[in-house]
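Reader: I want to learn how to read the packing in this model. Please take me through it one feature at a time.

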Amino acid sequence: MEYKLSYDITKEDYLEYNDVHARKTMSSYFMLVALKTFVVLCSAIMIYFQVRSHQFTYSLIIPILIMGYAFFGRKLLRNKYLGKIYDSNKNIHQQNEVTIDENNISEKNSVSSMNLTKDQITEIVACKNGIYIYFSKVQCILIPSHAFENDQAFETFVEFVRTNYSSDSVKFCRFTKNKLSHVFLGILTGIVFFSVFIYFSMH
C-alpha cells in the first residue's frame with residue numbers, strides 16, 4: 001500500500017508540533033508540572049502573610065500576576081515567539097508532498113527533497129491533530145490530520161505507520177494532553193483562594 005499526501009503546514013500545526021516535542025519526554029513534562037506547583041505554593045505563602053498582616057497594598061497583586069503568568073502568560077508569549085518564527089521562515093510555508101509505503105518515505109517541496117528508509121526512522125509520535133515521524137532527536141516529518149479526508153482516514157494512516165515502522169528499536173507513542181495535572185493544579189489553586197476567602201470571612 002502506498003500513500004501520496006499533499007498539504008500545507010499551518011501555524012497551528014507548527015505550534016502543535018512544538019508543544020508535542022516539548023512534552024514528549026516525561027522529564028520535561030514533570031518539570032513543568034513541578035514548576036507550576038512550586039509557583040502556586042509560593043504565591044499562596046505570599047498571599048497568606050500579606051492577608052494575615054492586613055497589608056492590603058498593591059503588593060498583593062504580585063503573587064496573583066505570578067500565577068497568571070505561570071498558567072497563561074508563558075504559553076501566550078511562547079506561542080507569539082513561535083508564531084513570529086513561522087511567519088518569517090518561508091521554508092515552513094512550502095507545499096509538502098509526502099509518499100510513504102511499507103518501507104520508504106519521501107518528502108519534497110520547492111526548497112528540498114528527502115528520502116528515508118525504514119531503518120532511518122527513530123521514533124513515531126501521534127496525536128489528535130497530526131503524526132510526527134522522527135529521523136533524529138529533533139528532526140521529523142510532520143503530517144497533519146487535515147492532510148486526510150476525515151478523522152477515520154487519518155486514524156487508518158496512523159495505524160499503517162505504527163504497523164510498518166514501529167519496532168523494538170523504534171518507539172511509537174500516542175500523545176494525549178494529560179488533563180490530570182491541570183485538574184490537580186486547578187484544585188490546588190482553588191484551595192488557596194478558598195482559604196483566603198474563609199480568612200476574610202472570619203476576620
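Author: Start with a helix on a sheet. Helix α1 (residues 11-23) lies across β5, β6 and β7. The helix runs at about 60 degrees to β6. Axes are lines fitted to C-alpha atoms, for helices over the stretch in contact, and angles run from 0 to 180 degrees between N-to-C directions. Contact means heavy atoms within 4.5 Å. Helices (H or I, at least four residues) and strands (E, at least two) are DSSP runs, numbered from the N terminus.

Author: Some ground rules. This is a predicted model: local features need pLDDT of at least 70, side-chain atom pairs count only at pLDDT 80 or more, while totals for chains, interfaces and linings use all residues. Residues are numbered from 1 along each chain as its sequence is written, and side-chain values use heavy atoms, leaving out hydrogens and water.

Reader: Which other helix packs on the sheet?

Author: Helix α4 (residues 151-165) does, touching β5, β6, β7 and β8. Its direction makes about 20 degrees with that of β6.

Reader: In what order do the strands of that sheet come?

Author: Strands pair if DSSP finds at least two bridges between them. Here the order is β7-β6-β5-β8, an open sheet with mixed pairing. The edge strands, β7 (140-144) and β8 (171-174), each pair on one side only. On average, neighbouring strands are turned by 10 degrees against each other, direction ignored.

Reader: How many bridges join β5 to β6?

Author: Five, between residues 123-127 and residues 130-134, and the two strands run antiparallel. Cys 127 stands opposite Gly 130 in β6.

Reader: How do I read a nonpolar core?

Author: In soluble globular proteins, nonpolar side chains tend to be buried together. A core is a set of buried Ala, Val, Leu, Ile, Met, Phe, Trp, Tyr and Cys residues joined through side-chain atoms within 4.5 Å. Buried means under 20% relative accessible area, exposed over 50%, partly exposed in between (1.4 Å probe, protein chains only). The largest core in this model has 38 residues. Among those with the most contacts inside it are Ile 131, Tyr 132 and Phe 157. Helix α4 gives the most to this core, with six residues. Ile 131 is in contact with residues including Ile 124, Ile 143, Phe 157 and Val 161.

Reader: Is Glu 16 buried or exposed?

Author: Buried, because its relative accessibility is 17%. Glu 16 lies in helix α1. Beyond residues up to four places away in sequence, Glu 16 touches Cys 127, Asn 129 and Tyr 132.

Reader: What span should α1 have?

Author: The expected span is 1.5 Å times one less than the number of residues. For the 13 residues of α1 that gives 18 Å, and the end C-alpha atoms are 18 Å apart, which agrees.

Reader: How many aromatic pairs are there?

Author: Rings of Phe, Tyr and Trp (its six-membered ring) pair if their centres lie within 6.5 Å; planes under 30 degrees apart count as stacked, over 60 as edge-to-face and the rest as tilted. The count comes to five. Tyr 17 and Tyr 132 have ring centres 5.8 Å apart and planes at 45 degrees, so the pair is tilted. Tyr 17 is in helix α1 and Tyr 132 in strand β6, 115 residues apart. Tyr 17 is buried at 13% relative accessible area, and Tyr 132 is buried at 1%. Phe 148 and Phe 157 also form a tilted pair, 4.9 Å centre to centre with 40 degrees between the planes.
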